[in-house]
Amino acid sequence: MISTIKKLLFMLTKRQKAGMAILGVLILIGGILETVGVSMILPLVSAILDPESLMNNEYVILFCDYFGIESAENLILVMLVSIIIVFILKNAYLLFLTYVQSRFINRNQARTVGYMLEEYLNRPYEFYLNADIPTIFRTVDSDVPKIFMMLMVLTQLATELIVSVFLCILLLAVDFTMTIMLAIILFGMTLLIIKVMKPKLNQIGTQSQEIQSRVGKWRLQSIYGIKDVKVLNKENYFASNFQKHSLKGAMLTSRYNVMNNMPRLLIETMSISGILLYLAICIVGGADISKLIPQISAFAVAAVRLMPSVNRINTHMTNVAFLQPAIDYVYDNVDFSNYKKYGMYQKEISTNSQKLVVENTIRLCDITYSYPNTSKKILDQANMVIPIGSSVGVMGPSGAGKTTTVDIILGLLRAQSGTILCGDKDIFQDYDEWLSHIGYIPQAIFLTDDSIRENIAFGVPAEEISEERIWEVLEDAQMKTFVEQLPEGLDTTIGDRGVRLSGGQRQRIG
């Protein structure tokens, strides 16, 4: 667990760590209030069962004299009202604490998910050539939320530990022997859970991650390839594979739920049995039951709060074991340096003061390139000259490197050697400036499920889109008449990847 906490702290910003420290203080206060609420029951039970003995206590006499309390009945009324007030304040505070915890966790989860997606989007294009896309989706959609689920679990675990420690101190004062016996039982059960169940839950957590990726894979492939799936009549093939992995995930979830509930049932059984066995031994030994009633009552009240607390401690520990694989994966595969420094993704901005001007020629000089994890050279000392203002066709047989050449010109692929010059300047001296001069229409057009306006002004905020410019480019692409005839005009939604348009119309909008 220590290594998990270290990894979590590594992934948090300074502000988030400060927030966690404040939460820790609030949790400590909550633990103290929980203990105060339970500890007030003991004198109340004593006052009800034996008011005369209580009224003869020197501290009670001083208290009654100070507040002018003249009878045991009035003292009991004061105690009842005090307990009601304490419990109202305690539970109001705990509700406030729940709100603070939830707001902290959910707001920071949203920020981290946003950072995670931007961090993935800013990775080199070559990363996506071998990337497992469903796993990326799982990391953003599932693993990151599990980080903050882990934080919530750990804060709740801290709360229950504090409450349990205070309650144990109270119980030691009430009945030392019974408390030690109960502590041994609870500690033994906790040790059993850590040693036996944690490895199994780690394994289930890892398998659950793998299944989530596979389920995502079959879902994405079936929907994105829907035309081919239908033409080839393969709906059943994709649906059955999706269902097969979904069922595996369901079985893992069932195993997790059984193992997650097992500690609560074991602890409850062993604890109640131990307490009752202790009372049975006292009775057999000839103890005076009437004298044990106040202690038993107080012990029962404390134990009623303690056992659920211990149950939750063990439940939180099993949750930690289940969530740990997600924490490990994110820790090992995501760069948090930007996040820790800025609290957001901060893209490097070129400091080159000289703007790149498109003039004379674009030249590929001695370009050598091979794809990652392969030794085959797609391009070897290749040279190419593109005069500015000319149209150039790249021709050759399949596998000759045509698409690779275009991707290198775009700067998506970085050559192992050689340079790309625009005029006399390397395009990577100010890559963002180079991209500002490029328009790109790929073989497979990518369109978003938005309006025609938003697809033409791809990536431009809605308030910055120029209607005049939109109509200009529609006319250039010979699409103006078509759009004018649409009932909704520029606001027409084109569907996922432009499914409502013809192939030619998609090309023109692209």
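Modeller: Helices (H or I, at least four residues) and strands (E, at least two) are DSSP runs, numbered from the N terminus. The model is predicted, so local features need pLDDT of at least 70 and side-chain atom pairs pLDDT 80 or more, while totals for chains, interfaces and linings use all residues. Residues are numbered from 1 along each chain as its sequence is written, and side-chain values use heavy atoms, without hydrogens and water.

Biologist: Which helix gives the most to the nonpolar patch?

Modeller: Leu192, Val196, Val258, Met262 and Leu266 form this surface patch, with about 390 Å² of accessible area together. Patches take residues with over 30% relative accessible area and no salt bridge, joining nonpolar side chains (Val, Leu, Ile, Met, Phe, Trp, Tyr) within 5 Å and like charges within 9 Å. A salt bridge places a side-chain nitrogen of Lys or Arg within 4 Å of a carboxyl oxygen of Asp or Glu. At least two residues come from each of α8 (176-224) and α10 (235-284), and the most, three, come from α10.

Biologist: Is Val196 buried or partly exposed?

Modeller: Val196 has its place in helix α8. Buried means under 20% relative accessible area, exposed over 50%, and partly exposed in between (1.4 Å probe, protein chains only). With a relative accessible area of 41%, Val196 is partly exposed.

Biologist: Which residues does Ser208 touch?

Modeller: Ser208 also lies in helix α8, and at 14% relative accessibility Ser208 counts as buried. Leaving aside residues up to four places away in sequence, its contacts (heavy atoms within 4.5 Å) include Leu252 and Phe322.

Note on methods
Areas by Shrake-Rupley, 256 points an atom, 1.4 Å probe, with all protein chains shown as cover.
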